[in-house]
Amino acid sequence: MTQGKQAGTAGLTAAPAPTGWRAVFAFPNPVNEYAARITAGLVVVAAVATLVSGLGWGLVLIAAGFWLRVLFGPRISPFALLSVKVLAPRVGPAKLVPGPPKRFAQGIGAVLSTAAVVLFFAGFASGAWILLALLIVAASLESFVGFCLGCAIFGFLQRRGLIPADVCEACNNIALRRL
């Protein structure tokens, strides 16, 4: 990352485009915070609909969406594509934030939603609904308040040295953080 000002956010510039297999599994860095918040809002809608309906296939779709976003960024996930290509541009200029914490947060969502799927189809529906409720809370915080719980956990782990500093230079270097 280099210092600079892009789309109103200090210190975040696009990283060089990955090549080869890395390009297949690339995640954007930086990320438009508005697109991330809209995607979280779509997850909230899908999760609430799944919880209210009690249908296990909704859990499968939610988990698949998280895995698509973790593995391929916004290129394949229907929610992310809708957010990035259609809805976020209508909000205004991009508000850029570091990508690695957002990918980490998507990974937490993928693990929780996958665990909910396993619990549901193993006959422990109440456990699945509890995990889904946790996802609804976390996605609601991101969407409606702008607080990314997964990003906060990422920062905590990075400060403790469990995530190397070079994974997210903008997260680790206070001079590169937004003002």
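Trainee: How do you know whether cysteine 148 and cysteine 151 are buried or exposed?

Mentor: Cysteine 148 and cysteine 151 are both buried, a term meaning under 20% relative accessible area, with exposed over 50% and partly exposed in between (1.4 Å probe, protein chains only). This is a predicted model, in which local features need pLDDT of at least 70 and side-chain atom pairs count only at pLDDT 80 or more, whereas totals for chains, interfaces and linings use all residues. Residues are numbered from 1 along each chain as its sequence is written, and side-chain values use heavy atoms, leaving out hydrogens and water.

Trainee: What makes cysteine 148 and cysteine 151 a disulfide?

Mentor: Their sulfur atoms lie 2.4 Å apart, and a disulfide is a pair of cysteine sulfur atoms within 2.5 Å. The link is right-handed, with 70° about the S-S bond.

Trainee: Why is the disulfide of cysteine 168 and cysteine 171 given its handedness?

Mentor: The torsion about its S-S bond is about 65°, so this disulfide is right-handed. Its sulfur atoms are 2.1 Å apart, and both cysteines are buried.

Trainee: Which residues of H7 make the contact?

Mentor: Gly150, Cys151, Ile153, Phe154 and Leu157 of H7 meet Pro100, Pro101, Lys102, Phe104, Ala105 and Ile108 of H5, contact meaning heavy atoms within 4.5 Å.

Conventions. Helix = DSSP H or I, 4+ residues; strand = E, 2+ residues; numbered from the N terminus.
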